[in-house]
Amino acid sequence: MRKEDWLLQEIDNWQGEGIINAETATLLQQRYNRARSFSSITVIFAIIGALLIGSGVILIMARNWDNFALPLRISLAYLPLLAAQALAVYTVRHHFASLAWREASGILLTAGVFTVIAMVGQIFHLSADLGRYLLICGLLSLPGIYLLDAATPLAVYFGAVISWASMSYESVNVLLLLFFLTLGFIYSFRQQGSGGTRLSYIAWSSVLAGLALVPLLSSTLRCSIEAMLLCFLALLLAGSEIKAYLRVSCQGVATLGGFITLAVLSYENSWQYGYDLNSWQSPVGTVIIALLAVAALFLTVKRLPLKSLTTLQVACYLLLATLSYIWSSMPYLERSGAWLLAAVANLALLTIGVGYLVSGVRGLFLRQTNIGMAYICLLIFMRFFDSELDFLWRGIVFLLLGTTFLLINLRLVRLRKETLLEDNL
Amino acid sequence: MNKYLKPALLLTIIIQLTVPTFMIASRYYILRTGEEYLFRVTPIDPYDPFRGRYVTLNITQRLWGQGSYGIIEVDQDGFATIVALTATKPENSPYLRSSQQGWFTSPVDRYYMNENFAPEAQRLFWQETRDSEKEVYVAVRIKNGELVISGLFIEGVAIEEILRK
């Protein structure tokens with residue numbers, strides 16, 4: 001334990017024993033917390049400095065690389081990994097309580113693995129298989145994430161395995177990727193706490209990795225991308241309440257991603273000319289879509305209030321996902337009524353937009369009100385310039401929308417008056 | 001601190017060192033004990049984001065098809081070529097194993113060089129081979145179908161040596 005940590009612990013004890021009062025304790029804590037954060041900055045700067053010096057040495061070595069004998073080149077290839085491993089051992093033994101030490105050691109260990117494998121490949125002129133290289137390095141770095149409890153290598157790991165799967169582009173590999181990614185996700189869900197930059201960073205890495213996985217899975221396994229994406233986004237929304245640090249990333253990605261997907265589906269042509277997966281919709285893909293949908297439904301029923309805005313969003317996403325799946329299974333020539341499905345997507349967008357607006361106005365939440373306004377404005381903008389719709393139909397839709405808005409506004413004004421009257425009484 | 005942390009870290013360190021060691025040992029073994037073949041090549045100079053600059057090599061002479069094994073034949077000038085592809089491991093003739101399953105992809109596709117030397121090597125290859133019949137070839141060692149490149153040569157002189165002059 002570092003002396004600052006020991007001292008902070010002691011201050012708590014002194015306060016508990018009545019040696020010092022609360023005011024003095026706060027003053028002392030502020031003073032030594034500052035000292036602690038200063039020492040973390042020192043560590044980070046020291047590691048950046050060490051990285052720069054190491055890079056400089058590597059560049060100078062690279063200049064004379066061809067002049068070195070093979071055994072010397074092989075020995076030098078191990079140096080970055082050995083140094084990073086030594087640092088990892090030192091961190092575990094002496095500075096495990098320090099986040100700065102753990103993160104820095106974790107990223108150095110990852111860099112060490114990537115470096116040694118790259119150098120071996122370079123020394124022996126190994127053939128080009130960037131995907132396999134990334135996979136080997138990603139998997140070798142994986143234990144460091146758990147052992148050093150470090151978040152930065154997690155993002156590198158996600159990037160490595162997703163790149164491998166996108167390069168190899170085989171269904172077996174993509175299913176393996178699903179397994180490998182799960183190993184990373186387990187780490188992110190193990191994390192405790194209610195906030196903090198680090199937890200938010202872990203959540204963002206995991207959510208974005210999951211999002212990148214959806215197009216890969218749907219294209220490789222041959223199943224409806226819209227259905228899989230909407231089920232995944234519904235799961236994000238439903239799961240956003242599991243842990244506090246997941247909320248911002250899950251809701252942000254699910255709201256924006258959902259809007260974009262529904263906006264695409266709001267055009268008749270996107271249904272009419274969408275993929276025909278009638279003869280080759282994969283059973284594995286279907287199972288994955290079903291699992292995502294069931295998980296989203298389960299979490300919604302278990303954790304969300306029935307009348308909440310999130311429940312409304314999840315319901316809209318799952319409805320459109322089901323329609324997308326059924327539609328993509330229909331033979332191309334037998335398709336009719338694409339306009340109806342586009343109308344459902346428009347209605348879903350409108351419902352979510354109005355839901356945000358009403359919820360925002362009622363609870364005086366500016367963010368929700370703005371999201372609702374953005375939803376509705378973008379929907380109006382898309383339909384106004386939608387050449388697939390006849391002028392007459394567009395006119396009728398706008399008249400209906402305008403009337404609905406005026407009615408909602410009237411209702412809100414009445415509600416407000418009633419609330420004011422109740423307050424005065 | 002978790003009591004399994006230190007043994008787990010030790011195990012991780014061992015695995016992280018074992019993988020590159022195995023890669024090195026298997027290639028070193030082929031370099032020591034493999035049979036040498038010379039393949040004519042046409043090099044070009046691209047870039048690998050992780051491993052640096054290299055010269056792309058092609059030894060298959062536009063040989064396409066199914067089969068993971070390429071059968072090698074040596075002509076009267078001493079240069080090897082892949083003459084046929086087969087799905088099963090050849091018993092009586094030298095062969096090269098594909099770097100991919102199912103179809104043949106040459107395991108000889110790159111020769112890493114110094115950042116400054118690779119573009120110069122590229123220029124040299126074109127200059128030397130444009131007007132003359134100079135041979136550009138790669139020397140490899142092959143053992144049980146596995147291959148390791150031992151050098152890139154123009155008329156018998158290593159490319160690094162030519163560039164150093």
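Biologist: How many residues does the contact take from chain A and from chain B?

Modeller: In this predicted model, the contact takes 40 residues from chain A and 34 residues from chain B. A residue belongs to that set because its heavy atoms come within 4.5 Å of the other chain.

Biologist: What area do chain A and chain B bury between them, and how much of it is on carbon and sulfur atoms?

Modeller: About 3500 Å², with 69% of it on carbon and sulfur atoms. On the chain A side, Asp66(A), Phe124(A) and His125(A) supply 19% of the area buried against chain B, more than any other three residues.

Biologist: Which helices of chain A each supply at least two residues to the side that touches chain B?

Modeller: Helix 2 (22-63), helix 3 (70-94), helix 4 (99-123) and helix 5 (130-147) of chain A. Helix 3 of chain A gives the most, with eleven residues. By class, that side of chain A has 28 nonpolar, seven polar and five charged residues.

Biologist: And how many salt bridges and polar contacts are there between chain A and chain B?

Modeller: The salt bridge count between the two chains is zero, while four residue pairs are in polar contact across the interface.

Biologist: Why is the pair Arg102(A) and Asp149(A) called a salt bridge?

Modeller: The closest N and O atoms of Arg102(A) and Asp149(A) are 3.6 Å apart. The cut-off for a side-chain nitrogen of Arg and a carboxyl oxygen of Asp is 4 Å, so the pair counts. The structure holds four salt bridges over all chains.

Biologist: What makes that pair a tie between parts of chain A?

Modeller: Arg102(A) lies in helix 4 and Asp149(A) in the loop between helix 5 and helix 6 (152-168) of chain A, so parts 47 residues apart in sequence are tied together.

Biologist: Why is the ring pair of Phe259(A) and Tyr375(A) called edge-to-face?

Modeller: Their centres are 4.8 Å apart and their planes stand at 80°. Phe259(A) is in helix 10 (residues 247-265) and Tyr375(A) in helix 15 (residues 366-384) of chain A, 116 residues apart. Over all chains, the structure holds nine aromatic pairs.

Biologist: Where is confidence lowest and highest in each chain?

Modeller: In chain A, helix 2 is lowest at a mean of 68, and helix 9 (residues 225-239) is highest at 91. In chain B, strand 2 (residues 47-48) is lowest at a mean of 55, and helix 1 (residues 5-33) is highest at 91. Where pLDDT is low, the predicted coordinates should not be read in detail.

Methods:
Residues numbered from 1 in each chain as written. Chains lettered and ligands numbered in written order. Predicted model: local features only at pLDDT ≥ 70, side-chain atom pairs only at ≥ 80, totals over all residues. Heavy atoms only, no water. Buried area = accessible area lost by both parts, 1.4 Å probe. Polar contact = N/O pair within 3.5 Å; in protein donor to acceptor, adjacent residues only side chain to side chain. Helix = DSSP H or I, 4+ residues; strand = E, 2+ residues; numbered from the N terminus. Nonpolar A, V, L, I, M, F, W, Y, C, P; charged D, E, K, R; others polar. pLDDT = per-residue confidence, 0-100. Phe/Tyr/Trp six-rings, centres within 6.5 Å; stacked < 30°, edge-to-face > 60°.
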